[in-house]
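Subject: Handing over a structure, with notes

Dear colleague,

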Amino acid sequence: MDKLKIKVVGVGEGGAKAVGKMIAASVGMGKDVDFVTIGNDENLLLVSAAKTNIFLNRDSTMIYKRITAALRGANVVVIVAGAGSTAAMKALPEILSCAKNQNATIFAFANRPFVLESAARKQNAEFCMNILHREADTVFDVPTEKFFVFRLHQMQVSLAEVFEAANDVFAQGVDICLDMVAKDDSLGKWGNATFGCGLGFTALEAVKAAVKFPLLDADEIKRASKIFVRLTGGNDVPAKKFIRDMIAADAKLFWRVDNAASDKIFASVVFGRKEV
Ligand SMILES: Nc1nc2c(ncn2[C@@H]2O[C@H](COP(=O)(O)OP(=O)(O)OP(=O)(O)O)[C@@H](O)[C@H]2O)c(=O)[nH]1
Ligand SMILES: [Mg+2]
């Protein structure tokens with residue numbers, strides 16, 4: 001496979017902020033990655049560090065042309081959005097059809113509205129999640145409630161801080177997925193997916209921490225048909241046995257160990273399941 005051309009598309013305010021975090025954290029360094037944002041808020045697009053920023057309040061032919069141009073040549077398209085967003089409602093069908101037209105593998109990271117958000121947002125989210133599950137190859141479909149855990153050390157937690165946690169976590173998830181597809185692009189179809197990451201002094205400690213990540217639960221781990229594990233360094237034998245013992249006997253396990261000069265080992269895990 002030639003070098004993969006990857007486009008990471010942040011849709012709406014949430015998506016654009018998540019993309020901003022990725023750029024700041026050098027996600028995709030050393031890979032052929034372009035960042036794109038698409039949204040209703042021109043001011044937000046103006047301060048964006050992404051390569052292409054598409055403002056939605058124009059006529060739809062123009063928008064479609066701009067989205068097509070932004071995604072041209074992509075083998076992999078990663079979409080990031082708050083699923084309740086009106087920008088996502090408007091732009092997702094176009095983004096998905098452009099990506100499909102050129103046979104790109106599609107990943108989506110999307111969070112469902114917080115329980116106290118409006119009925120209109122929840123309706124948007126139903127629409128957006130439905131098309132993502134139908135058209136994308138891999139969907140990380142996360143209830144916003146799950147991100148609370150990342151801020152529970154604080155005395156008071158605002159919803160804005162929870163969304164900020166979501167953006168950090170999605171940035172990490174995108175980083176893991178870009179390594180996953182770089183390893184072998186046939187790894188692209190993960191269906192309903194979840195991920196986790198963790199640190200340890202041994203590989204075993206690191207994977208144990210990663211499977212305790214708040215987005216994961218034991219049931220999803222057991223039902224996964226594909227599992228990807230990335231370790232930065234470390235002797236992987238006990239760690240591999242630990243993962244093997246957790247997953248179904250016929251599940252496919254992809255294992256990658258990178259060399260890193262650090263005394264701590266970082267483990268990332270992705271669990272995927274195709275609906276049957
Ligand atoms: N991941 C993430 N989700 C967010 C963020 N802010 C809001 N959301 C979620 O995304 C939905 C709102 O979408 P926005 O990202 O604000 O989208 P928008 O382009 O501003 O569109 P509208 O607000 O609908 O006009 C809400 O239902 C929230 O659940 C964020 O910073 N990150
Ligand atoms: Mg908004």
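Of the elements around ligand 1, H1 gives the most to the shell, with five residues; helices (H or I, at least four residues) and strands (E, at least two) are DSSP runs, numbered from the N terminus. Please bear in mind that this is a predicted model, in which local features need pLDDT of at least 70 and side-chain atom pairs count only at pLDDT 80 or more, while totals for chains, interfaces and linings use all residues. Residues are numbered from 1 along each chain as its sequence is written, and chains are lettered from A and ligands numbered from 1 in the order in which they are written.

The shell around ligand 1 holds 22 residues, of which the closest are Gly12, Gly14, Gly82, Gly84 and Ser85, where a residue counts as near if its C-beta atom, placed from the backbone, lies within 6 Å of the molecule. Two or more residues of this shell come from each of H1, helix H4 (86-101) and H6. Sorted by class, the shell has six nonpolar, eleven polar and five charged residues, with Ala, Val, Leu, Ile, Met, Phe, Trp, Tyr, Cys and Pro taken as nonpolar, Asp, Glu, Lys and Arg as charged, and the others, Gly among them, as polar.

H1 (residues 12-24) also packs against H6 (residues 159-183), their axes coming within 8 Å and crossing at roughly 55°; axes are lines fitted to C-alpha atoms, for helices over the stretch in contact, and angles run from 0 to 180 degrees between N-to-C directions. H1 is therefore oblique to H6, given that angles under 35 degrees count as roughly parallel, over 145 as roughly antiparallel, 65 to 115 as roughly perpendicular and the rest as oblique. On the H1 side the contact is made by Gly14, Lys17, Ala18, Lys21 and Met22, and on the H6 side by Phe163, Asn167, Asp168, Phe170, Ala171 and Val174, two residues being in contact if their C-beta atoms, placed from the backbone, lie within 7 Å. Six of the residues in this contact of H1 with H6 are nonpolar, two are polar and three are charged.

H4 has helix partners of its own. The axes of H4 and helix H5 (residues 119-135) come within 9 Å and cross at roughly 10°, which makes H4 roughly parallel to H5. Among the residues that make this contact are Met89, Leu92 and Leu96 of H4 and Phe127 and Ile131 of H5, and the contact as a whole divides into eight nonpolar, two polar and two charged residues. With helix H3 (residues 60-71), the axis of H4 comes within 9 Å at a crossing of roughly 45°, and H3 and H4 are therefore oblique to each other. Here Ile63, Tyr64, Ile67, Thr68 and Leu71 in H3 meet Glu94, Ile95, Cys98 and Ala99 in H4.

Finally, the chain is divided into domain 1 (6-183) and domain 2 (191-273), with bounds that come from an automatic or database domain assignment. The C-alpha centres of the two domains lie 25 Å apart, and 14 residues of domain 1 are in contact with 15 residues of domain 2. On the side of domain 1 that touches domain 2, H6 supplies the largest share, six residues.

With best wishes
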